[in-house]
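Trainee: Can we go through this model together? I'd like to start with the strands.

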Amino acid sequence: MSQPNLPNITPVVTLSRDDTINLLLSSIAMEELGMAHILNAEGEKIQYALGTLPGLTGPPSTLDDVLNMNASVRDTLDSLMKQELLLGSKLDSIANIPTLAGPTGVTGPTGPAGGPTGPAGAIGPTGATGATGPAGPTGATGAGLQGIVVFNPLVAPTYTVGQVVMYNESSYVVNTASPAGFPDASADYTLLASAGPTGSTGPTGATGAGLQ
């Protein structure tokens, strides 16, 4: 069995896949255009035989001429129909050719930002009030204030939390058991009420009668 003889094609034809598909589609379109011209020529042949072609006159056609013309047109249409089937198959084959994805291109620049932010919408209606939750546990009983005593540094270590003491005409409450220091300088005491300013001196009374 002999080896195939490949011809040397010069110049070298370089076509991409897309170019090849476009050329195949163009060949189908050109064949369709050629068949359209053939159909037009067959129509003009019928018009000439029947004497209806504008601008041309000739001897009247006999019955044999009309029959021969009809057979010729029929044979031409039969050939054209076969060619149409062939072109349809060719078009289907081209349409089913898988396309190859090319490489991903570079990312384009970011487009401009959109327009200004629209106005805020209206506030919707207030929803219904939810059900009241269960009451929490009762907290521990706080320490109440005890009786007021005058501050005595000797007795101060026995003071309990809540004891109210008077010092320099101001009242303090003990916040730490066995407080240390003086109420106006120790963090163990909390000021309740400070002494008010001294009032103005009243007028001097009348001189009393002395004893003789």
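Mentor: β2 and β3 form a hairpin with two residues between them, and Asn 168 in the turn has a positive phi of about 50°. Strands here are DSSP E runs of at least two residues, numbered from the N terminus. This is a predicted model: local features need pLDDT of at least 70, side-chain atom pairs count only at pLDDT 80 or more, and totals for chains, interfaces and linings use all residues. Residues are numbered from 1 along each chain as its sequence is written, and side-chain values use heavy atoms, with hydrogens and water left out.

Trainee: How many bridges join β2 to β3?

Mentor: Four, and the two strands run antiparallel. Strands pair if DSSP finds at least two bridges between them. Val 165 stands opposite Tyr 172 in β3.

Trainee: And in which sense do β1 and β2 pair?

Mentor: Parallel, over three bridges. Val 149 has Val 165 as its bridge partner in β2.

Trainee: Switching to rings. How many aromatic pairs?

Mentor: Four, counting Phe, Tyr and Trp rings (six-membered ring for Trp) with centres within 6.5 Å; planes under 30 degrees apart are stacked, over 60 edge-to-face, the rest tilted. Phe 151 and Tyr 189 are edge-to-face because their planes stand at 85°, with centres 6.1 Å apart. Phe 151 lies in the loop between β1 and β2 and Tyr 189 in β4, 38 residues apart.

Trainee: Is Tyr 189 buried or exposed?

Mentor: Buried, at 6% relative accessibility; buried means under 20% relative accessible area, exposed over 50%, partly exposed in between (1.4 Å probe, protein chains only). Phe 151 is buried at 10%.
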